[in-house]
Amino acid sequence: MEKALYEIEQLAPSDLIAYINDCINHDFNKLVQLLYRIDVSEQKLKTILQSHPNEDAARLIAAVIIERLAATKAARASFATNNKIEDSTANSNRQDDEDLERL
């Protein structure tokens, strides 16, 4: 069951865990590709999995994915806010230039 990235972002944690378990059991390459697309740190994931050997790997992987998606979303929101500030500054500068030309 292939899912687009936006579908992964919409999954509830329990559904994400089930999806990851399905990938682990039936198509591990699909999980590796997903982690790559989301840009999950391979070293971070290895460290977490090694430090919690008796816990459900799918739950741990889901937590890392959720954390990474949240960081990506925050970065996008920050970028959007910065662009609005830059746009308003540019508009203000343009208005100042027009005012100077009138003088």
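Begin by selecting Leu34, which lies in helix α3; helices (H or I, at least four residues) and strands (E, at least two) are DSSP runs, numbered from the N terminus. The model is predicted, so local features need pLDDT of at least 70 and side-chain atom pairs count only at pLDDT 80 or more, whereas totals for chains, interfaces and linings use all residues. Residues are numbered from 1 along each chain as its sequence is written, and side-chain values use heavy atoms, with hydrogens and water left out.

**Around Leu34**

Leu34 counts as buried because its relative accessibility is 4%; buried means under 20% relative accessible area, exposed over 50%, and partly exposed in between (1.4 Å probe, protein chains only). For Leu5, the C-alpha atom is 7.9 Å from that of Leu34, although 29 residues separate the two along the chain.

**Helices α2 and α3**

Next, select residues 13–26 (helix α2) and residues 28–38 (helix α3), which pack at an angle of about 130° with their axes 6 Å apart. Axes are lines fitted to C-alpha atoms, for helices over the stretch in contact, and angles run from 0 to 180 degrees between N-to-C directions. The angle makes α2 oblique to α3: angles under 35 degrees count as roughly parallel, over 145 as roughly antiparallel, 65 to 115 as roughly perpendicular, and the rest as oblique. On the α2 side, show Tyr19, Ile20, Cys23, Ile24 and His26; on the α3 side, show Phe28, Lys30, Leu31 and Leu34. These contact residues comprise 7 nonpolar, 1 polar and 1 charged (Ala, Val, Leu, Ile, Met, Phe, Trp, Tyr, Cys and Pro count as nonpolar, Asp, Glu, Lys and Arg as charged, and the others, Gly among them, as polar).

**Salt bridges**

How many salt bridges does a search of the whole structure find? The search finds 4, a salt bridge being a side-chain nitrogen of Lys or Arg within 4 Å of a carboxyl oxygen of Asp or Glu.

Select Arg68 and Asp39, whose closest N and O atoms are 3.2 Å apart in a salt bridge. This pair links distant parts of the chain, 29 residues apart: Arg68 belongs to helix α5, and Asp39 to the loop between α3 and α4. Arg68 is partly exposed at 28% relative accessibility, and Asp39 is partly exposed at 48%.

Move to helix α4, where Glu42 and Lys46 lie 4 residues apart, about one turn of the helix. Their side chains form a salt bridge (3.4 Å, N to O). Is Glu42 buried or exposed? Glu42 counts as exposed, at 56% relative accessibility, while Lys46 is partly exposed at 42%.

Then select Arg59 and Glu55, a salt bridge with its closest N and O atoms 2.1 Å apart. Arg59 is partly exposed at 39% relative accessibility, as is Glu55 at 34%.

**The whole chain**

Finally, zoom out: the protein chain holds 5 helices and 0 strands. Of its 103 residues, 20% count as buried. Among contacts between residues at least 6 apart in sequence, 62% join residues at least 24 apart.

Colour the chain by pLDDT, the predictor's confidence in each residue, from 0 to 100. The chain mean is 84, and 76% of residues reach 70 or more. Among the elements, α2 has the highest mean pLDDT (96) and helix α5 (residues 57–102) the lowest (74). Where pLDDT is low, the predicted coordinates should not be read in detail.

Terms used: Contact = heavy atoms within 4.5 Å.
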